[in-house]
Amino acid sequence: MAGEERSVKLHIDNVYKEYKGEHGTTVALNGVTLDIMENEFVCVVGPSGCGKSTLLNIIAGLHEATSGTCYLDGKPITDVGVERGVVFQQYALFPWQTVLKNVMFGPQMKRLPKAECEAIARKYIKLVGLEGFENSYPKELSGGMKQRVAIARAYANNPEVLLMDEPFGALDAQTRAQLQTELLKTWEEEQKTCFFITHDVDEAILLAQRVVIMSARPGRIKRIVDVDIPYPRDQATKNDPRFLELKTEVWNEVYQEYLEVRK
Amino acid sequence: MNEKKPEKIKKKPLSNKVWLLLSLIVALIVWYLLSLGKATGRSFPFIQKTFIESFPKMAFERKVLWKDFCSSMICVAAGFGLGFVTAIPMAFLMAWYTPVQKIIMPWINFIRNIPALAYAPLIVIMVGVGKTPAIILIWICTFMTMCVTIYGGIANIDTTLVKAARVLGAKDMDIFFRITLPATVPFIITAVRLGLGAGLTTLLAAESTGAQAGLGMRIRALSGTFESAPMLMYIIIIGIIGMLLNMLVNFIERRLTSWQEKRDQ
């Protein structure tokens, strides 16, 4: 991909979002502008309340911006769309359906024939390493397995952009490391545009080509840091001297924001 | 059901069936002791009088037991059925349209706290005596109980699930049939359980409306002649019906909602 001319996949144009609550108006996002390239992996970090989830929801089409627009391939985003897959922190699996049925959900919504839906689902269940659990219910799975199902479910819809809202935030350190490695591997193979939200600086640098640091209240883009560590990366990348440099740099910025919020 | 597991026991724990048997034995002992007392014995005659003598008396001599049973079951079934089919759409309307909820909910809560016996005569004045007022009364009570329960369930559906479905391409219809409905099933089952309970507890009030037969009506009639033994039998029969209905609901629940994550697992 180096040197390759890439087009803008996702254009976030001066997005402003406010919430009207009982205690007045809260500005969640204050003029966020960002271009995300085709097949790029972008991580957004920032303290809680900086509006990073709001931004993801607006890109997903689940929330509406108060002003400003997001564009996908130059077309304004007005509603949810299957070309934008979302992975939520709380897994959001349908508990009354088996793993297979959960992953089949997207293809079924496209009204594909049942056999085809099942074939697609089985392919992605295999990809996330959950073969043999097709007929299990979510309650029988661990947190890491649940999130794998959620990732498989998002992939089964073959989205052009993957939006991930702190997907590994609720997992223990080992599971998290494992899923990071798996996600890296998948992305290196399939190269989908990834918009990944996290509050974990290590995670952001390990995964992303660019790390977007957001400031809190109101949410703005504070800085964008290029992660110039070549792929393939894995957990060992975390010992790379360049990784440690970037980590200190990003961490200081995020920590300053954290202190701002605490004030 | 919340069985409390005894903590840290070395011995093999007793099975639920054994516990049930033990509980029955304890009840029988208490009942027997009550039947020995002079005053308590008047109200609680032991099995000999309550069942072995009363059952043939009510079932074969007076030929009313079966009629009473059927009459009550028809009232409960009809009242509960009406309550069920009206509570579900009303609960959805309240969940979807805030004005409906804001206008109706306070009155449901208001009427729910009034004993049915209090407004039973009003229903009789309106529709006359017989089964009709009994059914209407049970309908009102079961409707309110179930409506509140189902509404609570729909209102608390995990919105992330709806979001997840939408981003996967689900339209409103898909969301209703594939998310809202299955997510509501556990609450509908709870509502059925509470509704059946409400139906049975309203029975006495419902059959105070000049019913010709019925378990509740018979208890009132027998109280007029101080026949405590058959009365006690009728009371126990109502209890047994409630228990059997509850078991039926539990059975259905296990079949339909085994996917649920139980907190005490």
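One definition before the sheet: two strands pair if DSSP finds at least two bridges between them. Bear in mind that this is a predicted model. The predictor gives the complex an ipTM of 0.87 and a pTM of 0.81. For chain B, the average pLDDT is 89, and 95% of the residues score at least 70.

Now the sheet in chain A. There, six strands make an open sheet with mixed pairing, and the order is β6-β7-β8-β3-β9-β10. Which strands stand at the edges? They are β6 (84-87) and β10 (220-226) of chain A; each has a single partner strand, so one side of each has no neighbour in the sheet. On average, neighbouring strands here are turned by 20 degrees against each other, direction ignored.

Take the β10 end. β10(A) pairs with β9 of chain A, residues 210-215, in the antiparallel sense, over six bridges. In β10(A), A:I221 is the bridge partner of A:M214. Helix α7 of chain A, residues 241-262, lies across β3 (41-45), β9 and β10 of that chain. The helix runs at about 170 degrees to β10(A).

Next, the helix pair. Helix α4 (residues 143-156) and helix α5 (residues 173-190), both of chain A, have axes that come within 10 Å and cross at roughly 25 degrees. Angles under 35 degrees count as roughly parallel, and α4(A) and α5(A) are therefore roughly parallel to each other. The crossing is right-handed.

What meets what in this contact? From α4(A) we have A:G143, A:G144 and A:Q147; they meet A:T175, A:Q178 and A:L179 of α5(A). By type, the contact residues are one nonpolar, five polar and no charged.

Notes: Residues numbered from 1 in each chain as written. Chains lettered and ligands numbered in written order. Predicted model: local features only at pLDDT ≥ 70, side-chain atom pairs only at ≥ 80, totals over all residues. pLDDT = per-residue confidence, 0-100. Helix = DSSP H or I, 4+ residues; strand = E, 2+ residues; numbered from the N terminus. Axes fitted to C-alpha atoms, helices over the stretch in contact; angles between N-to-C directions. Contact = placed C-beta atoms within 7 Å. Parallel < 35°, antiparallel > 145°, perpendicular 65-115°, else oblique. Left-handed = near helix turned anticlockwise from the far one by under 90°. Nonpolar A, V, L, I, M, F, W, Y, C, P; charged D, E, K, R; others polar.
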